[in-house]
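Here is a friendly note for anyone opening this structure for the first time. Keep the model on screen and follow the points in order.

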Amino acid sequence: MEIGIVGAGRVGCSIGKYLKEHGAAVAGYYSKSRESVEFAATFTNTAAFPSLEELVEAVSMIFITTPDDEIRPVWEKIAGQPIRGKIICHFSGSLSSVVFSGREQAGASGCSVHPMYAFSSKETSWQQLNQVLFTMEGDSHALDRVDLVLAQAGIRHFVIDSAKKERYHAAASMVSNMMIGLYQMSIDMLQDCGFEEAAARLLVEPLVRNNIENLLATSPEQALTGPIERNDVETVRKHLAVLTEEEREVYTSLAQKLVETARRKNPDKEYGEILKVIEKPHGKENA
């Protein structure tokens, strides 16, 4: 089953290169950018299709690896062509296969595939895909066919509920992008304490690295340390007293989740008082 890829950015180049290197029949690429499609074709030793119509006609499986806001317009162009029997698949984390409206009437089958991974390079990201887990949802026929392609390339994957796709993507964003936001907030606070940015980054690097390594090697319960895990109510009060409103909102939201984790780690400890402190508006107790 030959694969055509629409979109020649980081995701498209990485997926095409990895699959080609693992024996998949990748026919080539189409992109609005001639420069991008020529790079992708050369990089993967495949064809650069001059038009979307020619790519669709030449292949039986179409991977759409464009940005999310381009997927529906690309699909609408594809849907206007003879696509009976073809598999249509996009690689968005937030969109489901529902975006391929009218596919049944056209005789096509659709699904979405999402690598739980942040692609940083057109040229090197593909090398890590054997360590990345993918998720899939969509029509059973499309899933079966794409499953074969991924399995033959040694890619591990799960099938998820289509209705949960947006919540799934929100979870991925929280653990990936928003972790960076939390890091930046900490750096900003340290700069307010008088540290230069470079010094602040050096200061927190061992802390961040050790916490992440412990978390990945063990569990949230085992990796958790700090005042909430210790049930140190007074320290939490002091923290809340020096935070801005924005910082308090982040702190208290995360602190409530940490109390849940701490209770699992220390079932004999009573965290009621600390929970009252962090649940009060602005971290202040009633007079």
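1. Where is the place of glutamate 2? Glutamate 2 sits in the segment before strand 1 (3-6); helices (H or I, at least four residues) and strands (E, at least two) are DSSP runs, numbered from the N terminus. Its relative accessible area is 39%, so glutamate 2 is partly exposed (buried means under 20% relative accessible area, exposed over 50%, partly exposed in between, with a 1.4 Å probe and protein chains only). Setting aside neighbours within four places in sequence, glutamate 2 is in contact with Ala25, Ala27, Ala58, Val59, Ser60 and Met61 (contact means heavy atoms within 4.5 Å). Glutamate 2 and alanine 27 are 25 residues apart in sequence, yet 5.9 Å apart in space, C-alpha to C-alpha.

2. A word on what you are looking at. This is a predicted model, in which local features need pLDDT of at least 70 and side-chain atom pairs count only at pLDDT 80 or more, while totals for chains, interfaces and linings use all residues. Residues are numbered from 1 along each chain as its sequence is written, and side-chain values use heavy atoms, with hydrogens and water left out.

3. Not counting residues up to four places away in sequence, isoleucine 15 touches Phe63, Phe91, Pro115, Phe119, Leu129 and Phe134.

4. On a 1 Å grid over the protein atoms alone, a cavity is a set of points where a 1.4 Å probe fits but cannot get out, and a pocket is an open set with protein on both sides within 12 Å along at least five of seven lines; lining residues have an atom within 4 Å of a point. Grid points are joined across faces, edges and corners, and a volume is the space filled by probe spheres set on the points.

5. Now the open space. The largest pocket has a volume of about 2,600 Å³. Of the 45 residues that line the largest pocket, Met179, Leu182, Asn211, Leu254 and Leu258 are the closest to its centre. Helix 13 supplies the largest share of this lining, eleven residues. Among the other helices that each supply at least two residues are helix 7 (165-175), helix 8 (177-192) and helix 9 (197-217).

6. Please turn to helix 14 (residues 272-279), where Ile274, Leu275, Val277 and Ile278 are buried. These residues cover an arc of only 160° around the axis, which puts them on the same side of helix 14 (the arc is that of the directions from the helix axis to the C-beta atoms). The buried residues of helix 14 pack against helix 11 (227-230), helix 12 (233-242) and helix 13 (245-265).

7. Two loop residues deserve a visit. Threonine 65 lies in the loop between strand 4 (61-64) and helix 4 (68-79) and is buried, with a relative accessible area of 9%. Its side chain reaches the backbone oxygen of glycine 7 at 3.0 Å (a polar contact is a pair of N or O atoms within 3.5 Å; within protein, one must be able to donate a hydrogen and the other to accept it, and residues adjacent in sequence count only if both atoms are side-chain atoms). Serine 31, in the loop between strand 2 (26-30) and helix 2 (34-44), counts as buried at 17% relative accessibility. A polar atom of the serine 31 side chain lies 3.2 Å from the backbone nitrogen of serine 33.

8. Finally, a backbone detail. Asparagine 45 is not a glycine, although its phi is positive, at about 55°; this residue is exposed, with a relative accessible area of 63%.
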